[in-house]
Amino acid sequence: MENKNPIQVSERIFHTIEHLAQSGPTGLQDLSNELGLNKSTVHRILNSLICMDYVRQDSETLKYSLSFKLCKIANQVLSHNDMIDIARPYIRQLAELSGETVHLVQIDGLYAVYIDKVESSRNAVRLVSMVGKSIPLYCSGVGKAMLADMPDERIQSIWEQSEIKKITESTITDFGKFLDLIKDIRKDGYALDNEENEPGVRCIAVSLKSFHSGPSYAISISAPKDRMDNCRINELKELVLDTKEKIALETGSL
């Protein structure tokens with residue numbers, strides 16, 4: 001009798017889900033090749049996921065894709081996050097005052113995860129970002145803002161666990177230079193992303209102190225670099241710092 005490792009089975013199921021999320025509709029053979037598993041094993045996994053309504057198969061193309069059940073689960077998770085409800089009116093106001101896209105993120109290990117987003121109606125050119133997407137802490141404005149609230153030893157631990165790579169020409173990959181930048185953030189009260197995560201995009205971000213011993217959060221204003229020169233940064237920093245103070249007053253985390 002085949003001895004099935006329950007952890008291995010779980011890994012295969014989640015790898016299948018993750019691959020379908022990244023690739024979109026995929027045929028059985030292609031999925032088998034990508035996962036490095038034989039077709040019969042992948043077929044059993046897919047049938048199980050279909051029975052639980054996580055996967056659908058197109059009757060014409062025979063390709064498999066994820067259903068919206070995962071979206072429903074994700075929305076249920078977010079519905080239990082109090083910070084979204086608290087911060088929403090403030091980031092909506094910040095988007096209108098700045099005329100730019102505002103994000104709310106939550107720390108998740110080595111990453112910052114977008115948990116809310118508000119776009120201004122004043123600009124036709126908008127950024128491609130979505131709730132649920134994660135970005136590394138070391139090369140994002142929101143990530144650096146949250147890291148600046150931590151002791152240097154914790155920052156070093158996160159740095160050593162992260163896959164530090166040159167995502168753009170501006171990405172900082174030297175830890176000594178990174179710590180110097182953290183010191184500037186602590187002094188100024190805000191962090192910048194100077195095209196470190198995405199070419200042509202700059203961000204200004206501030207951390208939000210956690211309350212009730214919860215996770216760390218941050219908000220950012222993001223825009224194409226032609227709308228975010230240094231003069232504009234000087235204007236926006238007053239807005240983000242003021243928004244941080246208002247949220248802190250409401251959460252009692254001043």
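Which residues are exposed on the other side of helix α2?

Good morning, colleagues. What we have is a predicted model, in which local features need a pLDDT of at least 70 and side-chain atom pairs count only at pLDDT 80 or more, while totals for chains, interfaces and linings use all residues. Residues are numbered from 1 along each chain as its sequence is written, and side-chain values use heavy atoms, with hydrogens and water left out.

To the opening question, then. On the other side of α2, the exposed residues are Asn33 and Glu34; exposed means over 50% relative accessible area, buried under 20%, and partly exposed in between, with a 1.4 Å probe and protein chains only. Within α2, which spans residues 28-35, the residues Leu28, Leu31 and Ser32 are buried. These three lie on the same side of α2 because they cover an arc of only 100° around the axis, the arc being that of the directions from the helix axis to the C-beta atoms. As a general point, an α-helix has 3.6 residues a turn, so residues three or four places apart point the same way. After α2 comes Gly36, with a positive phi near 70°.

Of its 254 residues, 42% count as buried. Its accessible surface comes to about 14300 Å², and 50% of that belongs to carbon and sulfur atoms; the areas come from the Shrake-Rupley method with a 1.4 Å probe, and for residues only the protein chains shown count as cover.

I turn to the strands. Strand β4, residues 111-118, is largely enclosed by the rest of the structure, because seven of its eight residues are buried. With β3, residues 101-108, strand β4 pairs in the antiparallel sense over seven bridges; two strands pair if DSSP finds at least two bridges between them. Ile107 stands opposite Ala112 of β4. The two strands form a hairpin with two residues between them, and Gly109 in the turn has a positive phi of about 65°. Strand β4 also pairs with β5, residues 134-136, in the antiparallel sense over three bridges. There, Pro136 in β5 is the bridge partner of Tyr111.

Next, Ser207, in strand β7, residues 201-208. Is Ser207 buried or exposed? Ser207 counts as buried, at 4% relative accessibility. Its side chain makes a polar contact of 2.7 Å with the side chain of Asp149. A polar contact is a pair of N or O atoms within 3.5 Å; within protein, one must be able to donate a hydrogen and the other to accept it, and residues adjacent in sequence count only if both atoms are side-chain atoms. Leaving aside residues up to four places away in sequence, Ser207 touches Ala145, Met146, Asp149, Tyr217, Ala218 and Lys244, where contact means heavy atoms within 4.5 Å.

Glu235, in helix α9, residues 230-251, is partly exposed, at 47% relative accessible area. The C-alpha atoms of Glu235 and Ser98 are separated by 9.0 Å, though the two residues are 137 residues apart along the chain.

Finally, the cysteines. The structure holds zero disulfides, a disulfide being a pair of cysteine sulfur atoms within 2.5 Å. Cys139 is buried at a relative accessible area of 1%, and Cys203 is buried at 11%.

Terms used:
Helices (H or I, at least four residues) and strands (E, at least two) are DSSP runs, numbered from the N terminus.
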